[in-house]
Amino acid sequence: MAIQWDNLKSKLSILADAAKYDASCSSSGSQRKRENGGMGNVEGMGICHSYAPDGRCISLLKILMTNFCIFDCKYCINRVSSDVKRARFMPEEIVQLTLEFYRRNYIEGLFLSSGIIKSSDETMEQLIQVAKSLRLEHKFQGYIHLKVVAGASEELILKAGLWADRVSANIEMPVQADLNLLAPAKTISEATTSMQQIATRVEEAKEDQKKKFIKAPRFAPAGQTTQMIVGATESTDSVILDQSQSLYKKYSLRRVYYSAYSPIPHADAFLPRGEPSLIRENRLYQADWLVRFYNFDASELTNAESPNLPLDIDPKTAWALRNRHAFPVNVNTATREELLRIPGFGVKNVERILQMRPFKKISLMDIAKLRIPLKRARFFIVTTDHNPDAFLIDASDLKERIKPEEKQMSLFDVKLSAASGDL
Ligand code: SF4
């Protein structure tokens, strides 16, 4: 098929822009290597990212196959009733674009999603066609993330995982009541059924690899992710985090991505009109880290009086302020679990402290050398040379004393926190 590049360019501007609303992308976790005669190589750290003006992370070739859709999800700019300009790529065009962009070093992989054309299965088949052609015909070894279209059959989901590094079925909303309001054609169980099918096959493939069946096919080696839209309904952070925790436990998800709802043109009256709360989105990511890496239960991070995470302080510090009886913690004798709950103590630093303890007594200077923020941590710890005044931990103004200074939130702060786990 002859590719018309001018035509492709105008489609690209529509379909790359339309894809930026899907936050469920990152390339961590895949180890695919270049093979003889092939092209591409996925390193552990993965694909290049860019940031949309509203702060969302987007990959460089992150596109929709089409922004036509037969569904009418009210929060989506591509819904059937939207009057946006439409475009559609043929599978061969996406293959050529991916290869050309890769050769020019613009991208390290492809994130491909789509609106639903005619039926879920027909759409899914075309997405699979792209990935299969890249892998088999062009020996492309770069990263591929395929979206599992809502309602696609198990047979097609299992085919998608054969060619993709990662797959994702978006749950979109934390509870069915929210979907009933904004996307009545979708169900939570449809998304979780797809997640279960993927999780089962990922485990089977891993077992086959362990048993050293040399020819055992790989299946979505970077696992699966999902996306939840935040702020389009009244659902609280407590409800959102409960659902995330359940998804992690049941389906071994690599990530739940939280995407602050961005107002869209001609939006339904049910939908909020204001700016998306990126701080809320960030607090949810921090709480998500606490559940996955710090042994917190989602139910500990909010409570009945405050079902939403505080915006002015990180969720671990907020938990510590609500549980002052658990502090101060002696850094020289505390368990790993206790250390992980100290505000400012990240996972890596806790491991470093545990490694240091057999050889020396930990002082406040040692904590400072680990770059743990003392402004926050010092009220909650005991070291050889530091024992905070017992009254301080109960002081009514403790929150004000440890609160970070008011400043313009920077993407780099968020990235640093996400990379280091320092919460
Ligand atoms: S199915 Fe996906 S693309 Fe279609 S309207 Fe719903 S969210 Fe948008």
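**Notebook: salt bridges and the sheet**

I am working from a predicted model.

I then checked the partner of Lys 206. Its side chain meets that of Glu 203 in a salt bridge, at 3.6 Å from N to O.

Next I took Arg 103 and Glu 100, whose side chains form a salt bridge at 3.3 Å, N to O. They too are three residues apart, here in helix H2 (residues 91-103), so about one helical turn lies between them. I noted Arg 103 as exposed at 53% relative accessibility, and Glu 100 as buried at 19%. The cut-off for buried is under 20%. I also noted that Arg 104 joins Glu 100 and Arg 103 in a network of salt bridges.

I looked at Lys 118 and Glu 122 as well: their salt bridge is 3.9 Å, N to O. Lys 118 is exposed at 65%, while Glu 122 is partly exposed at 28%. For the whole structure I recorded 18 salt bridges.

I turned to the sheet. It is open, with six strands in the order E3-E4-E5-E6-E7-E8 and parallel pairing. Strand E3 (62-64) and strand E8 (255-260) are the edges, each pairing on one side only. Neighbouring strands are turned by 25° against each other on average, direction ignored. I found helix H8 (residues 278-293) packed on this sheet, touching strands E7 (224-230) and E8. The direction of H8 makes about 165° with that of E8.

Terms used. Residues numbered from 1 in each chain as written. Predicted model: local features only at pLDDT ≥ 70, side-chain atom pairs only at ≥ 80, totals over all residues. Heavy atoms only, no water. Pairing = 2+ DSSP bridges. Helix = DSSP H or I, 4+ residues; strand = E, 2+ residues; numbered from the N terminus. Axes fitted to C-alpha atoms, helices over the stretch in contact; angles between N-to-C directions. Contact = heavy atoms within 4.5 Å. Salt bridge = Lys/Arg side-chain N within 4 Å of Asp/Glu carboxyl O. Buried < 20%, exposed > 50% of the residue type's maximum accessible area, 1.4 Å probe, protein only.
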